[in-house]
Amino acid sequence: MLINMYDEHETTSTRFVGFVGDHRWDLAITKTEHFYGKSLVVNIQSGRAGIIGHDDLEDEKLHLLANMFALDDEDTTVELRNFLLTNL
């Protein structure tokens, strides 16, 4: 038995961006109203994704960003966070 929780169509905006710092990033950032103003961020290389807003990028939440994208060091996490701060 399947229970349909939601099934919505929405026009979204997706930005595909690649950049290199100390690490190479290929991201898809989708803006949608479905996530209450947060963006769906997908790391195209790993397939890992997260629903992220500016409040999720605070210093005390860096460990959550690292877990979302399976990042193993703080420098890589900070690099991604700094990019997202100015690009969400």
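Colleague: Leaving aside its neighbours within four places in sequence, with which residues is histidine 54 in contact?

Modeller: Contact means heavy atoms within 4.5 Å. By that criterion, histidine 54 is in contact with Leu84, Leu85 and Leu88, once neighbours within four places in sequence are set aside. Please note that this is a predicted model, in which local features need pLDDT of at least 70, side-chain atom pairs count only at pLDDT 80 or more, and totals for chains, interfaces and linings use all residues. Residues are numbered from 1 along each chain as its sequence is written, and side-chain values use heavy atoms, with hydrogens and water left out.

Colleague: Where is the place of histidine 54?

Modeller: Helices (H or I, at least four residues) and strands (E, at least two) are DSSP runs, numbered from the N terminus. Histidine 54 has its place in the loop between β4 and α1. Its C-alpha atom lies 9.4 Å from that of serine 39, a residue 15 positions away in sequence.

Colleague: Is histidine 54 buried or exposed, or partly exposed?

Modeller: Buried means under 20% relative accessible area, exposed over 50%, and partly exposed in between, with a 1.4 Å probe and protein chains only. Histidine 54 has a relative accessible area of 43% and is therefore partly exposed.

Colleague: How many helices and strands are there in the chain?

Modeller: The chain has two helices and four strands, which follow the pattern β-β-β-β-α-α along the sequence. Its C-alpha atoms fill a box of roughly 45 × 25 × 25 Å along the principal axes. Of the 88 residues in the chain, 35% are buried. Among contacts with a separation of 6 or more, 29% come from residues 24 or more positions apart.

Colleague: How many salt bridges does a search of the whole structure find?

Modeller: A salt bridge is a side-chain nitrogen of Lys or Arg within 4 Å of a carboxyl oxygen of Asp or Glu. The search finds four. In one of them, arginine 24 and aspartate 26 meet through their side chains at 2.9 Å, N to O. Lysine 38 and aspartate 56 also form a salt bridge, again 2.9 Å from N to O. Aspartate 56 lies in the loop between β4 (49-52) and α1 (62-68), and lysine 38 in the loop between β2 (24-31) and β3 (39-43), so this pair ties together parts that are 18 residues apart in sequence. Aspartate 56 is buried at 17% relative accessible area, and lysine 38 is partly exposed at 24%. Salt bridges link Lys38, Asp55 and Asp56 into a network.

Colleague: With which residue does arginine 81 form a salt bridge?

Modeller: The partner is aspartate 59, with the closest N and O atoms 2.7 Å apart. Arginine 81 sits in helix α2 (residues 74-87) and aspartate 59 in the loop between β4 and α1, so that the pair links distant parts of the chain, 22 residues apart. Arginine 81 is buried at 10% relative accessible area, whereas aspartate 59 is exposed at 55%.

Colleague: Which residues does aspartate 26 touch, not counting those up to four places away in sequence?

Modeller: Aspartate 26, found in strand β2, touches Val17, Gly18, Val42, Asn43, Ile44 and Gln45 with that exclusion. At 18% relative accessibility, aspartate 26 counts as buried.

Colleague: How many aromatic pairs does a search of the whole structure find?

Modeller: Rings of Phe, Tyr and Trp (its six-membered ring) pair if their centres lie within 6.5 Å; planes under 30 degrees apart count as stacked, over 60 as edge-to-face and the rest as tilted. The search finds two such pairs. The rings of phenylalanine 19 and tryptophan 25 have centres 6.3 Å apart and planes at 20°, so they are stacked. The rings of phenylalanine 19 and phenylalanine 83 are stacked as well, because their planes stand at 20°, with centres 4.2 Å apart. Phenylalanine 19 belongs to strand β1 (residues 13-20) and phenylalanine 83 to helix α2, and the pair links these distant parts of the chain, 64 residues apart.

Colleague: What is the relative accessible area of tryptophan 25?

Modeller: The value for tryptophan 25 is 0%, and the residue is buried. Phenylalanine 19 is buried at 18%, and phenylalanine 83 counts as buried at 13%.
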